[in-house]
Amino acid sequence: MMTKRNMWLLAGLIALILAPLGQGNYVVYTLCSWLIFSMAAMGLNLTLGYAGQISLAQSAFMAIGAYTTALLTLPPAEDGVGGLGLHWLVAMPISVFAAFVVGLIIGFPALRVKGHFLAFVTLAFTTLTFLVLRNEDWLTGGTYGLVGMPRPDFGFFNTGKQLRFYYFTLAVFVVFCLLMWGIIRSPWGRAFKALRENSIRAESLGVDTRRITLLAFAIGSAAGGLAGSLVAPLVQFIEPGSFALVHSLKMLLMVVVGGAGFFFGPVIGAGVVILMPEFLRFTEGYYLMIYAATVIVLIIFCPKGLIGLGEIIRNKLRKDKKVRGDMDKGAQL
Amino acid sequence: MEQFFQVLLSGLATGSIYALAAIGFTLIWQAAQTVNFAQGEFVMLPAFFLLAGMHFLGMPFWMALIFGLLLAVFVLGFLFKRVLVDPLLKHGGLSLIIATMALAILMKESVKEFYSAEAQPFPEIVPNGSWDISGVIVSLTDISHLFISAVIVIGLQLFLNRTRTGRCMQATAQNPGVAEILGVNVKRMVLYTFLINGVLAALASFLITPVYLAKFSNGEYLGLIAFIAAIVGGFNQIRGALAGGLLIGVLDNMTATYITAEYRQAVPLLLLIAVILFRPQGLLGTSEGREA
């Protein structure tokens, strides 16, 4: 039995498999970073879309993932900064776990207090991470960063070539989506959703709001770590500037543009943020301005993002299908 | 010891300017329950209004100063409220906060593209020079900064506490519903708050920019400092933001002089985390203040 939704998912997957065929290295590279940023943004979506907290630390968690993976997989060096020469399959779980633990540590104090304190703590954390990466050059290579992270080799499947690395990333992406889907459907995930729909009611039904929010944030952070762990072998060059605060903002906007709280919203948002510059090349430096202005207009007129926009248009076209008009009123209460 | 006093004084002087931005931030928070993530850019922009007035419109310095101030109040106060805050407030705080982040990017990039990506020299508004008081070199600029900031803060306090409009604004900040019932024009008061924030941002901009040079990216650091000052001092009152600003200014200078220049920026951040951890209502804040 194929439901309509599964058909769409299958079509999307096939499109993703076919997309890079016959394309140049650069296009494949862009597609890779789209998938990677999608994962980071989906993680952030747990925090923002479900738990309703702003995190500005996703780039810092990517940095943690990327630097951990880099230091574990780089070959040992005679002089300068070297690594341990481990396999990516070993380095990745460690990176993800590191991001998860740091997420717990950062989130705990901030989420004790009501309000937008997580935004401030994560803002500070991202800046601190940047400073540490820049200043501790014995470990991180300072402003020069780390170069030449090996791409994972699975014996029968070496991901050294760009196209192969894309399929490797796609495989990780699919597994990641399945995991996320599992999390969203688990009791935790239902608690996340309850939090999003009506946090007071969730609390009155016995959901420990703080714990669940913290958990959402930490899982989201772990997703950032995973994305970082893939960025390191993709770009094969990491430096503090790639993980500065502006990238956290970018990821936050990906989630909002795509549609916070929708499962695939961030994927669309990441697509817009990563792929749009390629289409808007001709605008040169004005790109970021156009983008920021578009985001503001989108937030004002359609706070649910592009997916929400799709919904609005669909409802306009099919006026007869009115899904519970009382829900709108309920949401305002 | 002489050096200590010099560092302390210049720390206080810079801190007093940070405090202006932080106070504006606090006022907006109280009036509209909005965290303005573009506050740093709000401080960056008026300096460019002034420069544009001088270089493109050929105004003399004092006229450009007034031009910059008025334009800042109009754009950062009136337009910001009407175009961004009003339509978004009904969607809840989260959308608005994210919109201010996008606004920060927009302002930064606009200045970079339309004015210049290079740091611009900016005229010093207050007199240069220094006094030598028994070995301690007292910079006249620092003293003037402190004095001007003090006048602004005291003036603001008097306005808020002693005038009818000011009291109405405070009532609005404390409880808009009751204020409205008592006949306060809440919408107007909120608008005034935004206008005052525009004034404070512009004044902070004119005072701080000679120190840093006018650059499109100035707002990143200034914004961060304004948040930290506001939170460290206590979110729900002006004196908190004032104390926070001064504290950060002094701490910043002391760290750079005596401990480490590399991690100078880290100290306010660590202070922020420590305050949120141990005293989330801020050093001077009271916990019964309104929650978000």
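Nine nonpolar residues, with no polar and no charged ones, make up the lining of the second largest cavity (Ala, Val, Leu, Ile, Met, Phe, Trp, Tyr, Cys and Pro count as nonpolar, Asp, Glu, Lys and Arg as charged, and the others, Gly among them, as polar). This is a predicted model, in which local features need pLDDT of at least 70 and side-chain atom pairs count only at pLDDT 80 or more, while totals for chains, interfaces and linings use all residues. Residues are numbered from 1 along each chain as its sequence is written, chains are lettered from A and ligands numbered from 1 in the order in which they are written, and side-chain values use heavy atoms, leaving out hydrogens and water.

Let us stay with that cavity for a moment. Its space comes to about 40 Å³, and its lining includes B:Ile17, B:Val43, B:Ala204 and B:Leu222. Helix H1 (2-32), helix H8 (186-212) and H9 of chain B each give at least two residues to this lining; helices here are DSSP runs (H or I, at least four residues), numbered from the N terminus. A cavity is a set of points on a 1 Å grid over the protein atoms alone where a 1.4 Å probe fits but cannot get out, a pocket is an open set with protein on both sides within 12 Å along at least five of seven lines, and lining residues have an atom within 4 Å of a point.

Helix H2 (25-50) of chain A brings four residues, the largest share of its lining. The lining comprises six nonpolar residues, one polar and no charged.

Now for the pocket that brings both chains into view. The second largest pocket holds about 790 Å³ of space, and among its 31 lining residues A:Leu245, A:Val246, B:Lys108, B:Glu220 and B:Tyr221 lie nearest its centre.

Finally, have a look at where the chains meet. Chain B brings 40 residues to the contact and chain A 39, contact meaning heavy atoms within 4.5 Å. About 3600 Å² is buried between them, 83% of it from carbon and sulfur atoms; buried area is the accessible area (1.4 Å probe) that two parts lose on being put together, summed over both. B:Ile98, B:Tyr263 and B:Ile276 supply 16% of the area that chain B buries against chain A, more than any other three residues. Between the two chains there are zero salt bridges (a side-chain nitrogen of Lys or Arg within 4 Å of a carboxyl oxygen of Asp or Glu).

Terms used:
Grid points are joined across faces, edges and corners, and a volume is the space filled by probe spheres set on the points.
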